[in-house]
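This briefing is meant to be read with the sequence and the 3D structure side by side. The points that follow are grouped by topic.

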Amino acid sequence: MRSVAPGSESEAPPVPGVPRPSVTPNLVDVTEAAALACGRLLGRNDMARARDVAAAAMLDALEELGVRGRVVLGPRGDEVLSHGTVVGPSQERQFDLAVYPVEGAALVSRGLAGAVSILVAVEPGGFPDLPAVWYMEKIVTGPAARTALDLEDPLEDNLRRIAFARNVRVTDLAVAILDRPRHQELIESVRDTGARIVLLEEGEIAGALLAASEGTGIDAMVGIGGLQEAVISACAIRCLGGEILARLWPRNEEERELAGDQVGRIFKVADLSPELVEVAVTGITDGPLLRAVWYGSHRAATESLSMSTRSNTVRRVKSSHQRMALGEA
């Protein structure tokens, strides 16, 4: 049983020439399967198993979906859904996939909030061809302040413009930052503006979604994070109507040479995400974006976001799984 919560679906103006029906139906089934499998390991202090179980469940669900896909982006070191993995029947039309069976395996293993499962599908060749640099510097905000960002300006100026766009004071803003040593100066800069800070132990994609979504209590996300994660985030942000600005952040001279003339270029959501994109996100542990997987005696329940620029919709999906509740990890 699946329901769409009243008032949880939003529609953007139709895009001329873009077909409304989804060509990759039921993507949310795949993230739900990964979340249901991974959620059984909540608090068990086994991060590796949480990753493996989620990846195996996502692979099985992708095969059952019947859509042919090729994995292009995903967690580094994932042996189950590694780069180049092809799933689905050969006679079907192929899509490029970005997979993240569990973002926040450490959160699951420690019983903490904010872990999600993510899947993105685009046309073949739809993801941008970027230099093999590990990190990107980025700032994210939602639809209300999407024109307020300028990565060339100091952070305090960006926060002032975000506050102005949202008709609030800078001291009213909440800024999400991944809690890493490289962000200590950034954290102090945000504190100096008077804005509030929400530190994230893990989950830079989920953090970007919090900043791009209305009603989460997060107005912006800033920091230096993974390049692949920035691309995946951009796909969801495009569906949500927000904005991400990012630029390459080479760690050393070798990466600087790999970046070449792309060093210093500012990428926007339109540069990092194709026009036609579909995204599914399911909550694993509880958080301000999505509820945790719930298990009962005869069923389990999940909460997900199903987003598409083809149909110009963002749907919050609550599903009841009558059989999965009986399984044990």
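**Briefing on the predicted model**

The largest pocket has a lining of 28 residues, and those that lie nearest its centre are Arg-51, Pro-75, Tyr-100, Glu-202 and Glu-229.

**The largest pocket**

- The volume of the largest pocket is about 650 Å³.
- Three elements, α2, β5 (94-103) and α3 (105-110), each supply at least two residues of the lining of this pocket, and α2 gives the most, with five residues.

**The open five-stranded sheet**

- Five strands form an open sheet in the order β9-β8-β10-β7-β11, and the pairing within this sheet is mixed.
- The edges are taken by β9 (196-200) and β11 (243-248), each of which has a single partner strand, so one side of each is left without a neighbour in the sheet.
- Direction ignored, neighbouring strands of this sheet are turned against each other by 20° on average.
- β8 and β9 run parallel and are joined by five bridges; in this region Ala-174 stands opposite Arg-196 in β9.

**Helices packed on the sheet**

- Helix α5 (residues 184-193) packs on the sheet, where it touches β8, β9 and β10 (220-226), and the direction of α5 makes about 155° with that of β9.
- Helix α6 (residues 204-212) also packs on the sheet, touching β7 (135-141), β8, β9 and β10, and its direction makes about 155° with that of β10.
- Nine of the nine residues of α6 are buried, so this helix is largely enclosed by the rest of the structure. The buried residues of α6 include Glu-204 and Gly-207 as well as Ile-205, Leu-209 and Leu-210.

- Seven of the seven residues of strand β12 (residues 277-283) are buried, so β12 is largely enclosed by the rest of the structure.
- In a regular strand, side chains alternate between the two faces of the sheet. In β12, Val-277, Val-279, Val-281 and Gly-283 point one way, whereas Glu-278, Ala-280 and Thr-282 point the other way, and all of these residues are buried.

- In soluble globular proteins, nonpolar side chains tend to be buried together. The largest nonpolar core of this model has 51 residues, and those with the most contacts inside it are Val-120, Phe-127, Leu-272, Val-279, Val-281 and Met-307.
- Helix α7 (residues 227-240) provides the largest share of this core, namely 10 residues.
- Which residues are in contact with Val-281 once its neighbours within four places in sequence are left aside? They are Thr-31, Val-116, Ser-117, Ile-118, Leu-209, Leu-290, Glu-303, Ser-304, Leu-305 and Met-307.
- A second, separate core has 30 residues, among them Leu-27, Ala-35, Val-87 and Ala-280.

**Exposed residues in loops**

- Most residues other than glycine have a negative phi. Asn-45 has a phi near 60°, a positive value in a residue other than glycine; Asn-45 lies in the loop between α1 (27-39) and α2 (47-65) and is exposed, with a relative accessible area of 64%.
- The phi of Asn-167 is likewise positive, near 60°. Asn-167 is placed in the loop between α4 (155-165) and β8 (174-178), and at 71% relative accessibility it counts as exposed.
- From C-alpha to C-alpha, Pro-181 and Glu-254 are 22 Å apart in space, and they are 73 residues apart in sequence.

Conventions. Residues numbered from 1 in each chain as written. Predicted model: local features only at pLDDT ≥ 70, side-chain atom pairs only at ≥ 80, totals over all residues. Heavy atoms only, no water. Helix = DSSP H or I, 4+ residues; strand = E, 2+ residues; numbered from the N terminus. Buried < 20%, exposed > 50% of the residue type's maximum accessible area, 1.4 Å probe, protein only. Pairing = 2+ DSSP bridges. Axes fitted to C-alpha atoms, helices over the stretch in contact; angles between N-to-C directions. Contact = heavy atoms within 4.5 Å. Core = buried A, V, L, I, M, F, W, Y, C linked by side-chain atoms within 4.5 Å. 1 Å grid on protein atoms, 1.4 Å probe; cavity = no way out; pocket = protein on both sides within 12 Å on 5 of 7 lines; lining within 4 Å. Points joined across faces, edges and corners; volume = space filled by probe spheres on them.
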